[in-house]
Amino acid sequence: MLLEGTIRTTKPETRSFVSKRLTEIAENTAKAYEEEAEIEIENAPSCTNNDKALAEYAWETAEVLGLKPVRPEITMISEDFAYYQEKIPGIMVWLGIGKTKPLHNPEFSANPKAIEVGARYFSEIILSLKPHHIA
């Protein structure tokens, strides 16, 4: 039997705990049936975990520009960007672009107006960032 999946947690120490427990459960379940378990867990990025102070700053910046920010539900997305966030404070912001095919779909096409708004928004975040915005 082969079991594959993704382990996503909000903290590296939780990911270590889950990996350890998953290994123990697999090995003990196999042992109960007089079988063996081979466990291979690859390190994947953590979930993105936005810095609270930077997220608030990004929210305020959107409001100043007349944008209508929406607080997304907490998600367990796993992006390579999380590796950066393990080293320095960071934020991942989703930019609404209207109705289109989903991201990673070959027919995806971003609205050019959304690209313009996004460039203005992200430029403002970068150009007006001050040390006190970083926790």
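His104 is exposed, with a relative accessible area of 74%; exposed means over 50% relative accessible area, buried under 20%, and partly exposed in between, using a 1.4 Å probe and protein chains only. The model is a predicted one, in which local features need pLDDT of at least 70, side-chain atom pairs count only at pLDDT 80 or more, and totals for chains, interfaces and linings use all residues. Residues are numbered from 1 along each chain as its sequence is written, and side-chain values use heavy atoms, with hydrogens and water left out.

His104 is found in the loop between α3 and α4. Helices (H or I, at least four residues) and strands (E, at least two) are DSSP runs, numbered from the N terminus. The phi of His104 is near 75 degrees, a positive value in a residue other than glycine. Most residues other than glycine have a negative phi. Glu34 also has a positive phi, near 55 degrees. Glu34 is placed in the loop between α1 and α2 and is exposed, with a relative accessible area of 75%.

Helix α1 covers residues 12-32 and contains Arg15. Arg15 is buried, at a relative accessible area of 16%. Contact means heavy atoms within 4.5 Å. Leaving aside neighbours within four places in sequence, Arg15 is in contact with Ile7, Thr9, Ala44, Pro45, Ser46 and Glu86.

The next topic is the nonpolar core, defined as a set of buried Ala, Val, Leu, Ile, Met, Phe, Trp, Tyr and Cys residues joined through side-chain atoms within 4.5 Å. The largest one has 7 residues: Leu54, Tyr57, Ala58, Ala62, Ile91, Tyr121 and Ile125. Two or more residues of this core come from each of α2 (52-64) and α4 (112-128), and α2 gives the largest share, 4 residues. In soluble globular proteins, nonpolar side chains tend to be buried together.

Aromatic rings come next. Rings of Phe, Tyr and Trp (its six-membered ring) pair if their centres lie within 6.5 Å; planes under 30 degrees apart count as stacked, over 60 as edge-to-face and the rest as tilted. By this rule there are 2 aromatic pairs. Phe81 and Tyr84 form a tilted pair, 6.3 Å centre to centre with 50 degrees between the planes. Because Phe81 and Tyr84 are 3 residues apart in helix α3 (residues 81-85), about one helical turn separates them. Phe81 is partly exposed at 27% relative accessible area, whereas Tyr84 is exposed at 57%. Tyr121 and Phe122 form a tilted pair too, 5.1 Å centre to centre with 50 degrees between the planes. Tyr121 is buried, with a relative accessible area of 6%, and Phe122 is partly exposed at 32%.

Finally, there is the largest pocket. On a 1 Å grid over the protein atoms alone, a pocket is an open set of points where a 1.4 Å probe fits, with protein on both sides within 12 Å along at least five of seven lines; lining residues have an atom within 4 Å of a point. The largest pocket holds about 1200 Å³ of space, where grid points are joined across faces, edges and corners and the volume is the space filled by probe spheres set on the points. Its lining has 35 residues, of which Asn50, Val70, Arg71, Pro72 and Met92 lie nearest the centre. α2 gives the most to this lining, with 6 residues.
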